[in-house]
Amino acid sequence: MSTQRIAKLNHYFDNQISLCGQRNQTLLADDRTDEATFEKIKANVYDIFRTILSVAVETGKDDSEAVKRFFLLKAEQIPSSWEAAYQKAKRHDNAVDMRIEQIKLDTIKEIRETFTKIWEGEV
Amino acid sequence: MTETEAIRLFKCLSDKSRLQILKSLAIEDMYVERLAERLGITAPTVSFHLKKLTDAGAVTSYKSQYYMMYSLKREIFETSILEILQEKSDEAEVQAQRDAEYRKKVIDTFFEYGKLKAIPAQKKKKRIVLEELVRSFEFDRIYSEREVNLIIADFHDDFCAIRRAMVDERLLDRSESGYWRVGMGQRN
């Protein structure tokens with residue numbers, strides 16, 4: 001059961017990273033370099049959490065709950081600095097930094113929701 | 001516009017989305033959501049680009065009722081690229097120092113004990129050598145060809161070639177009355 005869910009999650013991460021790469025190339029070809037960079041930022045977030053998942057699986061062994069706990073804990077801990085950076089940028093009315101941090105926060109939100117759905121067997 | 005400001009502006013303009021935003025603002029002042037709708041990008045992304053454009057001095061904003069309106073800073077775009085290129089470089093002093101060092105190196109290579117060892121083949125080096133030689137000529141004075149030859153002969157035997165080169169390089173000019181150093185009243 002766990003193996004299937006992990007495979008699904010890995011497939012999700014691989015797919016998202018691949019899509020980001022495609023969009024990055026399209027945007028670069030269209031001379032929209034900053035928006036292309038946004039896609040790279042998203043891909044980096046997916047990549048980080050693909051690694052977190054593999055660490056969670058390794059440390060949690062066959063304990064499905066332990067894997068979930070580890071993954072969701074990291075999915076709370078890691079973005080806390082992004083949230084702080086976003087709030088700081090907002091205080092300084094810095095739309096450039098706000099956008100970058102928002103992209104990371106939106107991506108992790110989506111990862112958390114997808115993880116929960118797959119792990120709870122909803123998809 | 002300083003060199004740093006020009007670089008920031010050009011970097012900022014080299015993005016299609018930002019160019020589209022500027023094109024829209026060239027028509028009329030707009031707020032973020034209007035631009036987002038018009039250009040098919042999200043409002044936060046429009047804000048991101050507007051911040052960059054504002055920092056680059058291309059766009060300015062003002063409050064109008066509930067909206068923050070953005071407008072094109074037209075005076076920036078009325079500046080010609082040639083005007084930007086003609087601005088004194090931030091690096092001017094460093095460049096001048098590099099030029100002076102290069103000049104000294106060329107002079108040290110081609111002159112020995114006040115004599116010209118050889119006429120450089122490379123145009124840039126030849127010009128430096130000729131500029132050094134022309135320093136022996138006074139401004140505001142007409143020299144006969146013989147006088148010119150004698151002055152140059154102090155440095156090198158091929159005074160004819162050097163005299164002609166000085167005229168070609170517009171360091172000396174001539175008429176029926178003789179030769180004179182070009183740039184009268186300039187720094188020696």
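Two strands count as paired if DSSP finds at least two bridges between them. Strands (E, at least two residues) and helices (H or I, at least four) are DSSP runs, numbered from the N terminus.

Some housekeeping. This is a predicted model: local features need pLDDT of at least 70, side-chain atom pairs count only at pLDDT 80 or more, and totals for chains, interfaces and linings use all residues. Residues are numbered from 1 along each chain as its sequence is written, and chains are lettered from A and ligands numbered from 1 in the order written.

Chain B, then. Its three strands make an open, antiparallel sheet, ordered β1-β3-β2. The edges are β1 and β2 of chain B, each pairing on one side only.

Take β1(B), residues 30–31. Two bridges tie β1(B) to β3(B), residues 67–72. Tyr31(B) has Met69(B) as its bridge partner.

On to β2(B), residues 59–64. Six bridges link β2(B) with β3(B), again antiparallel. Here Tyr62(B) partners Met69(B).

Now the contact between chains, meaning C-beta atoms, placed from the backbone, within 7 Å. Chain A gives 11 residues and chain B 10. On the chain A side, α2 (33–60) and α4 (95–119) each give two or more. α4(A) gives the most, four residues.

Key. Two residues are in contact if their C-beta atoms, placed from the backbone, lie within 7 Å.
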